[in-house]
Amino acid sequence: MIFSRARLDLNNFTVSIDNTILERKTSARFLGVIVDEKLSWAEHIKAVKVKMTRYIGIMHKIKGFLPVTARLQIFQSLVQSHLNFCSLVWGFASKSHIESLFIKQKQAMRTVMSGYVNYKYRDGRPPDHTKQSFEKHNVLTVHNVIVKNALTLMHKVKNMPGLLPNSIKALFSVNIPITNSTYENCEEWLSTYNTPTFRQSIFYKGPMLSITEHSNTITIPSSLFSINIFKNSAKRELIKIQSAGNDENWPTFLLYDIPGLRKSPRENGQSIDYYFEANQF
């Protein structure tokens, strides 16, 4: 496998060992995650959707025989678990990939909802909305599963490094942005991580998420001493964010709206309302 996002002509390129030509692969499974040569995570997300589709069909057939609590447990086991697995690796893929997972997640949620549920467009009527059910059952959308896991990791990096192995701690530089960081005092870090290589990864998105207003709200004093308190606080805040507005429209997810770093006031005293480009999906 040759990793590159550039368009390379590799038709005549071969690698051989002891006169044996190695077969070129465009993707491979490693520790349960399918890695592709473009690092787009498209193959992994496609595989997850295939699994979810199979489980959704089963859940739909048994819905009428089980109470809501049992259906919710099945949802958590067969659907939510796949969205949670290694989401720090593939979770910052393109918006179209994440939204395709969200569609499957909503289809699965309709198997949990009580009573008659319209699953697809029928006679001009759209599928039933699921936003209320996510709030009722305290379920995070796939976007917020990714954000919660990213915030939890960054909380460990900054406040509880003892919970992380040295190999993970070494992945994050000591000069990552902190609360009240500016563009100027993070220029060195930005020159490395706000680049095509790192921009769509936890190494850039994680630190930027950790200095948002929502992250400051989540980090209550007691969360500095217990990671479980931090996780519960993060989930409450993210449920609150995704439940905002009316029942038919989802708000802008934090995953797609990560702010950048504010530039410091100009030397003449005139402040500018300028933000470093947010680099959304």
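**Exercise 1. Cysteines**

How many disulfides does the count come to in this predicted model?

*Solution.* The test used here asks for a pair of cysteine sulfur atoms within 2.5 Å. By that rule the count comes to zero disulfides.

Cys86 has 28% relative accessibility, so it counts as partly exposed. Cys186 sits at 4%, which means it counts as buried.

**Exercise 2. The chain as a whole**

Work out what the chain is built from, how much of it is buried, and what its surface is made of.

*Solution.* Secondary structure goes first: the chain has 11 helices and four strands. Next, burial: of its 281 residues, 41% count as buried.

Take the contacts with a separation of 6 or more; residues 24 or more positions apart account for 65% of them.

**Exercise 3. Helices H1 and H4**

Describe how H1 and H4 are arranged: at what angle do their axes cross, and which residues make the contact?

*Solution.* Two numbers are needed, because two packed helices are described by the angle between their axes and the distance between the axes. For H1 and H4, the axes come within 10 Å and cross at roughly 10 degrees. Angles under 35 degrees count as roughly parallel, so H1 and H4 are roughly parallel to each other.

Now list who touches whom. H1 brings Ala42, Ile45, Val48, Lys49, Met52, Thr53, Ile56 and Met59 to the contact, and H4 brings His97, Ser100, Leu101, Lys104, Gln105, Gln107 and Ala108. Sorted by class, the contact has eight nonpolar, five polar and two charged residues.

**Exercise 4. Helices H6 and H9**

Are H6 and H9 roughly parallel or roughly perpendicular?

*Solution.* Get the geometry down: the axes of H6 (residues 142–159) and H9 (residues 202–209) come within 9 Å and cross at roughly 80 degrees. Since angles from 65 to 115 degrees count as roughly perpendicular, H6 is roughly perpendicular to H9.

Then check the contact. On the H6 side are Val147, Ala150, Leu151, Leu153 and Met154, and they meet Ile202, Gly206, Pro207 and Leu209 of H9. The residues of this contact divide into eight nonpolar, one polar and no charged.

**Exercise 5. Positive phi**

Where do Leu39 and Asn180 lie, and what is the phi of each?

*Solution.* Keep the background in mind: most residues other than glycine have a negative phi. Leu39 has a phi near 55 degrees, a positive value in a non-glycine residue. Leu39 lies in the loop between strand E4 (33–36) and helix H1 (42–62), and its relative accessible area of 33% makes it partly exposed.

Asn180 also has a positive phi, about 75 degrees, without being a glycine. Its loop runs between helix H7 (166–169) and helix H8 (187–193). At 73% relative accessible area, Asn180 is exposed.

**Exercise 6. A serine in H5**

Is Ser133 buried or exposed, and what does it contact?

*Solution.* First locate Ser133: it belongs to helix H5 (residues 131–136). Buried means under 20% relative accessible area; Ser133 has 10%, so it is buried. Setting aside neighbours within four places in sequence, Ser133 is in contact with Met109 and Met113.

Note on methods:
Residues are numbered from 1 along each chain as its sequence is written. This is a predicted model: local features need pLDDT of at least 70, side-chain atom pairs count only at pLDDT 80 or more; totals for chains, interfaces and linings use all residues. Side-chain values use heavy atoms; hydrogens and water are left out. Axes are lines fitted to C-alpha atoms, for helices over the stretch in contact, and angles run from 0 to 180 degrees between N-to-C directions. Helices (H or I, at least four residues) and strands (E, at least two) are DSSP runs, numbered from the N terminus. Angles under 35 degrees count as roughly parallel, over 145 as roughly antiparallel, 65 to 115 as roughly perpendicular and the rest as oblique. Contact means heavy atoms within 4.5 Å. Ala, Val, Leu, Ile, Met, Phe, Trp, Tyr, Cys and Pro count as nonpolar, Asp, Glu, Lys and Arg as charged, and the others, Gly among them, as polar. Buried means under 20% relative accessible area, exposed over 50%, partly exposed in between (1.4 Å probe, protein chains only). Accessible areas come from the Shrake-Rupley method with a 1.4 Å probe; for residues, only the protein chains shown count as cover.
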